[in-house]
Amino acid sequence: MTTLPDVAAPAAASLPTTVGVLGGGRMGAGIAHAFLLAGARVHVVERDAPAADAARERVETALARSAGKGIEIPDADTLTTSTDTAAFAGAGLVIEAVPEDRALKLDALARIERAVDDAAVVASNTSSISIDALAGAMRHPQRFLGLHFFNPVPASALVEVVTGARTDARVVDDARAWVAAIGKTAVVVRDAPGFASSRLGVALGLEAIRMLEEGVASAHDIDTAMELGYRHPMGPLRTTDVVGLDVRLGIAEELERAFGARFTPPALLRELVAQGHLGRKTGRGFYEWSE
């Protein structure tokens, strides 16, 4: 059995002066927010002008919430949004945060590599796609790794640092230090389908959906059993609503390809996604949501 050795926390490393984020949806905006609060300048790049404007609004809304909690927020000029990856020139770290689709991520990473300096660290926010598979077409795979943030980013304390076969150890150390600098905790895992968090989280979530499908208990009672019986802060069905049923379905399909039938998505999950009931972001999933 191969295990990762326990290692001491890395020495503090300064955050890159400039951080890029490709994709300004809920996850990308949350990542941008975290680095802005830590003192970095952040460039967010989106596919078109309306999407870039929406990304700015998401980040500014998150910053306003932080200000309301008494957290010092950066000057407005530390955030820029655009549609051109040329904005990433000079960035020390660029994180891809596009939807969980292999082809989309490969295209995004190729665009980033064309724009950044050779010394820049490039990371993917993938929650399940192989880092080595994504690194296959990159010029500098040694400067590439996974930085898997969790939704919602501002409230989450964890970042999963995923190392590829060719990721330089110094890049891993820097990434762990950067995660600490933005006030979060890093766990380091080697590249494997679903990494650690998604593989375990999806396994629990799929079984909870099967139990709901079979009428074993209500969504509320299944979640309460895990919250009170096992001290989970949030039950697996509510967690799936927060993550997004479509996201969970995509991860399950990726894991099914790797591990077989134990990760086959339940029919109920497919039905809800087909109906557009994706969880909190659409107002309905296993629960009804309102802002």
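This is a predicted model: local features need pLDDT of at least 70, side-chain atom pairs count only at pLDDT 80 or more; totals for chains, interfaces and linings use all residues.
On the α8 side, the contact is made by Pro 236, Thr 239, Thr 240, Asp 241 and Val 243. Leu 245, Val 247 and Arg 248 contribute to the contact from α9. By class, the residues of this contact divide into four nonpolar, two polar and two charged.

Two annotated regions can be described along the chain. The UniProt record, an unreviewed entry, places the feature "domain: 3-hydroxyacyl-CoA dehydrogenase NAD binding" at residues 18-191. Over residues 18-191 the chain is 37% helix and 23% strand, with the end C-alpha atoms 27 Å apart. The annotation "domain: 3-hydroxyacyl-CoA dehydrogenase C-terminal", also from UniProt and from an unreviewed entry, covers residues 194-289. Over residues 194-289 the chain is 61% helix and 0% strand, and the end C-alpha atoms lie 28 Å apart.

Helix α6 spans residues 197-213 and has 17 residues. From its first C-alpha to its last, α6 reaches 24 Å, close to the 24 Å expected at 1.5 Å a residue. The buried residues of α6 are Ser 198, Val 202, Gly 205, Leu 206, Ala 208, Ile 209 and Arg 210. These buried residues pack against the strand β6 (144-149) and against the helices α7 (219-229), α8 (236-243), α9 (245-259) and α10 (267-274). Just after α6, Gly 215 takes a positive phi of about 75 degrees.

Ser 127 is found in the loop between β5 (121-124) and α4 (131-135). With a relative accessible area of 9%, Ser 127 falls under the 20% limit and is therefore buried.

Several backbone features occur in loops. Most residues other than glycine have a negative phi, and most peptide bonds are trans. Phe 195, in the loop between β8 and α6, has a positive phi near 55 degrees. Phe 195 counts as buried because its relative accessibility is 5%. Arg 231 likewise has a positive phi, near 60 degrees, and its place is in the loop between α7 and α8. Arg 231 has a relative accessible area of 76% and is therefore exposed. The peptide bond from Asn 151 to Pro 152 is cis, with omega near -5 degrees. Pro 152 lies in the loop between β6 and β7 (158-163).

A further loop position is Gly 183, between α5 (169-181) and β8 (185-190). The relative accessible area of Gly 183 is 63%, so the residue is exposed. Gly 183 and Ser 156 are 27 residues apart in sequence, and their C-alpha atoms are 9.9 Å apart in space.

Key
Residues are numbered from 1 along each chain as its sequence is written. Side-chain values use heavy atoms; hydrogens and water are left out. Helices (H or I, at least four residues) and strands (E, at least two) are DSSP runs, numbered from the N terminus. The expected span of a helix is 1.5 Å times one less than its number of residues. Buried means under 20% relative accessible area, exposed over 50%, partly exposed in between (1.4 Å probe, protein chains only). Contact means heavy atoms within 4.5 Å. UniProt positions are given in the numbering used here, feature names are shortened, and annotations may be inferred rather than shown by experiment. Ala, Val, Leu, Ile, Met, Phe, Trp, Tyr, Cys and Pro count as nonpolar, Asp, Glu, Lys and Arg as charged, and the others, Gly among them, as polar.
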